[in-house]
Amino acid sequence: MNFSSDDKVLRSLCILILCCMVPVCGAGKTLVVKMATLAPDGSPWHEILVEMGQQWYEVTGGEVQLRIYPGGVAGDERHMIRKIRIGQIHAAAVTVEGLTEISRDMNVFFIPLLVSSFEELDALRDEMEPQLLSELERNGFKLLSWADVGWAYWFTREPIRTPQDLMDLRIFSWAGDYRWTELWKLGGFQPVSLASIDVLPSLQTGLVDAFATAPIVALSMQWFALAPYMLKLKWGPLIGAVIIGKKTWDAIPAEYHPDLLEIAKHTEDRARSLLPQARKALDAMQAHGLEIHIPSQEERDTWLRFTRSFYPHLRGNLIPEGIFDRAIELQKQLSVQKDQDN
């Protein structure tokens, strides 16, 4: 087959583009894995990733180098997932928000007030993990490790005690997830769809009045200064994960896989070791004006009734029915076991 001059140029350009969509291989056989994260430069989570990268480099004799892009410079988590798919980056440290861009099953961790302890969370996750990881791999991603950030609480511009109080405020909702936005509206709330990197300027301009996140995140991002009230009710676990594109993972010599996975798994323990800092984060924010409301049992029951009444709207709409039902059943079993132990 003969190619014209234009055809050859086009063909060469396509090859060049394809080469740019795989991990960068430089001199000395170094394979550069580009990893993005929203964690600010110098934050504890960023330091954990830096340490993981150093260990990867050492255990592979310099053949695998992790290049980290912190602070959201690669965009929001949904952008990160899309960039991994097209090869602009190769890996990411994301929350469940990013994971749901890969698999809808991950929305199971967004069921509000489902669990209230890490023991319950671990039990649920351990049971569901095979299905969750299988779905990630089916969609071209490999989970290297989980990374629990803490419990999400509501931070607001005005104090809240009941669901009705929250309905009066404009709440941050992740951009790109129209299902959540519609469900918030269905519940009577006022969601504002934003990328997480736009939360701070939106708080500054009054576009949003409330958000749910872990205290250490609220402190690190300095969001709390513009939402100085916190409801101390565990809305749900804020879960993170370190993921890598399957194509990139498969490009790494298989002989290194066990060691790299073991190193990545250590980040789970490192992340858990940061959880006590939540208390320090609360102390620091309180010293700068944060007011914390501890709900009464009656108020807790009101929130619980409200969220339970909303579960039918989550099932099959936001969360696939199978994994939703499994999570609810597991939670009931845990509650029964807890009552028996007490």
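What percentage of the 342 residues of the chain count as buried? The figure is 49%, where buried means under 20% relative accessible area, exposed over 50%, and partly exposed in between, with a 1.4 Å probe and protein chains only.

Please note that this is a predicted model, in which local features need pLDDT of at least 70 and side-chain atom pairs count only at pLDDT 80 or more, while totals for chains, interfaces and linings use all residues. Residues are numbered from 1 along each chain as its sequence is written, and side-chain values use heavy atoms, leaving out hydrogens and water.

I begin with the overall fold. The chain has 14 helices and 10 strands; these are DSSP runs numbered from the N terminus, helices being H or I of at least four residues and strands E of at least two. With a radius of gyration of 22 Å, close to the 20 Å that the globule rule gives for 342 residues, the chain is as compact as a globular protein of that length. That radius is taken over C-alpha atoms, and the rule is 2.2 Å times the number of residues to the power 0.38. Along its principal axes, the C-alpha trace spans about 75 × 50 × 40 Å.

I turn now to the salt bridges. Side chains of opposite charge can pair when their charged atoms come close. The whole structure holds 20 salt bridges, each defined as a side-chain nitrogen of Lys or Arg within 4 Å of a carboxyl oxygen of Asp or Glu.

In one of them, Arg272 pairs with Asp148, with the closest N and O atoms 2.8 Å apart. Arg272 belongs to helix H11 (residues 257–273) and Asp148 to strand S5 (residues 141–156), so this pair ties together parts that are 124 residues apart in sequence. Asp148 is buried at 6% relative accessibility, whereas Arg272 is partly exposed at 27%.

A second bridge joins Glu299 to Arg161, whose closest N and O atoms are 3.6 Å apart. Here too the pair links distant parts of the chain, 138 residues apart: Glu299 is in helix H13 (residues 297–314), and Arg161 is in the loop between S5 and helix H6 (163–167). Glu299 is buried at 14%, and Arg161 is partly exposed at 44%.

Which residue forms a salt bridge with Arg279? The partner is Asp283, with a closest N and O separation of 2.8 Å. Both lie in helix H12 (residues 277–287), four residues and therefore about one helical turn apart.

Finally, Arg78, Arg82, Glu97 and Glu101 are linked in a network of salt bridges.
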